[in-house]
Amino acid sequence: MKKDIRKDLLTGEEFVPKKSSQRFATPQNRIKYNNEKASQMRLQRAFIDKPLHHNRTILLDLLGTKKELIIHQEFLRGRGYDFHLTTHSDMWEGKMVHCLYEFMIIKINNEQIKLLKNDRY
């Protein structure tokens with residue numbers, strides 16, 4: 001009977017698996033491999049995730065426990081809010097509006113913005 005010999009995905013060392021699905025020689029190698037993979041993914045997404053989270057922090061700070069707030073868009077810009085970044089769009093009173101996570105960003109007129117915390121998210 002031939003033994004199944006595999007190579008560890010992290011170190012390249014050969015080992016005999018104890019389970020049919022085993023891909024790593026040790027649990028420590030599996031953990032290190034998956035942590036490195038997740039770290040690379042976070043680095044690749046950081047250019048968009050960091051500004052999105054910054055925008056969300058601004059909205060959380062402004063609204064606090066309130067459900068909605070009307071604010072001047074220049075005030076938001078002054079706080080460092082980037083209007084080019086959104087996470088999705090949603091319907092509000094029959095029209096499509098930009099959203100950032102659980103917040104709806106509704107343009108009332110040329111300068112006023114209504115921030116609305118959406119309970120669905």
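Hi everyone, let me start with a definition: helices (H or I, at least four residues) and strands (E, at least two) are DSSP runs, numbered from the N terminus. With that in hand, Tyr-101 lies in the loop between β5 and β6.

A word on the model before we go on. This is a predicted model, where local features need pLDDT of at least 70 and side-chain atom pairs count only at pLDDT 80 or more, while totals for chains, interfaces and linings use all residues. Residues are numbered from 1 along each chain as its sequence is written, and side-chain values use heavy atoms, with hydrogens and water left out.

Now, the sheet. Five strands make an open sheet in the order β3-β7-β6-β5-β4, with antiparallel pairing; two strands pair if DSSP finds at least two bridges between them. β3 and β4 are the edge strands, each pairing on one side only. On average, and ignoring direction, neighbouring strands in this sheet are turned by 35 degrees against each other. For these angles, axes are lines fitted to C-alpha atoms, for helices over the stretch in contact, and angles run from 0 to 180 degrees between N-to-C directions.

What packs on the sheet? That is α1, which touches β3, β5, β6 and β7, and its direction makes about 80 degrees with that of β6. Contact here means heavy atoms within 4.5 Å.

Let's go strand by strand for a moment. The antiparallel strands β4 and β5 are joined by five bridges, and Met-91 stands opposite Met-96 in β5. Between β5 and β6, also antiparallel, there are three bridges; His-98 has Ile-105 in β6 as its bridge partner.

The β4 and β5 hairpin has two residues between the strands, and Glu-93 takes a positive phi near 50 degrees there. Glu-93 sits in the loop between β4 (88–92) and β5 (95–100). Its relative accessibility is 68%, so Glu-93 counts as exposed; the cut-offs are under 20% relative accessible area for buried, over 50% for exposed, and partly exposed in between (1.4 Å probe, protein chains only).

The charged end of Arg-56 sits over the Tyr-101 ring, 5.9 Å from its centre. That label requires NZ of Lys or CZ of Arg within 6 Å of the ring centre and within 35 degrees of the ring normal.

On to the inside. A nonpolar core is a set of buried Ala, Val, Leu, Ile, Met, Phe, Trp, Tyr and Cys residues joined through side-chain atoms within 4.5 Å. The largest has 15 residues, and among those touching the most other members are Leu-59, Ile-105 and Leu-115. α1 gives the largest share, five residues. Leaving out residues up to four places away in sequence, Leu-59 touches Leu-76, Tyr-81, Leu-100, Phe-103, Ile-105 and Leu-115.

Last, the rings. How many aromatic pairs does the structure hold? Two. Phe-24 and Tyr-33 have ring centres 5.1 Å apart and planes at 50 degrees, so this pair is tilted. Tyr-81 and Phe-83 form an edge-to-face pair, with 4.9 Å between centres and 65 degrees between planes. The rule: rings of Phe, Tyr and Trp (its six-membered ring) pair if their centres lie within 6.5 Å; planes under 30 degrees apart are stacked, over 60 edge-to-face, and the rest tilted. Tyr-81 is buried at 6% relative accessible area, while Phe-83 is partly exposed at 25%.
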